[in-house]
Amino acid sequence: MKFFVDTADVSDIRDLTELGLIDGVTTNPSSILKSGRDITEVTREICSIVEGPVSAEVTATEFEAMVREGKTLARIAPNICIKLPLTLDGLRACRALTAEGFKTNVTLCFSANQALLAAKAGATFISPFIGRLDDMAMDGMELIREIRQIYDNYGFETEILAASIRTVNHVKEAALIGADVATVPPATIKALVKHPLTDKGLEQFLADWAKTGQTIA
């Protein structure tokens, strides 16, 4: 499974990229606001750090304006993936932009039917929002299962990009189900490495090593 980091914070992206853990980045209007920077400036910097796809989201809601904004965003860097909302105009824009060779990420997916439409529109990625469904006492992971089955049934090439991930268990479950990508906040990615038995074991090894009086040089 590929890992995308879900942020527009350049320092976090740089740190995780240097660890070799990041395959791409997803941004949205909220993360751009949080960054406090101009969208073109910060997106261009992110694209210079990460070789994989960087999702940049349109803010228009009508077809022609979506296409126009998408092409403007795509000019920022070759690895831009145009992010579009899951609306009828968004799907139409997805088909038009995909036909011209642009990568697309259809976002705000909350049902299997929506994901089916995005795949038929030729989306590169579909972004089902796990955490937001969980917030409504629904099973976000069940949506990933349904989409995986539908896409496998019909051989769709659209990649399932598990989004709105809140916990390390979300990452594990998405991987077990077979999501192609998980887009994860920086803190959650770093939390994946943690386990109390790892910490306890390392503490014991270091204590025993100190008793040997040896050094490795």
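Axes here are lines fitted to C-alpha atoms, for helices over the stretch in contact, and angles run from 0 to 180 degrees between N-to-C directions. Helices (H or I, at least four residues) and strands (E, at least two) are DSSP runs, numbered from the N terminus. This is a predicted model, where local features need pLDDT of at least 70, side-chain atom pairs count only at pLDDT 80 or more, and totals for chains, interfaces and linings use all residues. Residues count from 1 along each chain as its sequence is written, and side-chain values use heavy atoms, leaving out hydrogens and water.

**View 1. Helix 6 packs against helix 8.** Helix 6 (residues 112-120) sits at about 40° to helix 8 (residues 140-154), their axes 9 Å apart.

**View 2. Who touches whom between helix 6 and helix 8.** On the helix 6 side we have A112, A115, L116 and A119; they meet L143, E146, I147, I150 and Y151 of helix 8 (contact: heavy atoms within 4.5 Å). Sort these residues and you get eight nonpolar, no polar and one charged (Asp, Glu, Lys and Arg count as charged; Ala, Val, Leu, Ile, Met, Phe, Trp, Tyr, Cys and Pro as nonpolar; the others, Gly among them, as polar).

**View 3. Strand 8 and its partners.** Strand 1 (residues 2-6) pairs with strand 8 in the parallel sense over four bridges (pairing takes at least two DSSP bridges), with V5 partnered by V184. Strand 7 (residues 159-162) also runs parallel to strand 8, joined by two bridges, and here L161 stands opposite V181.
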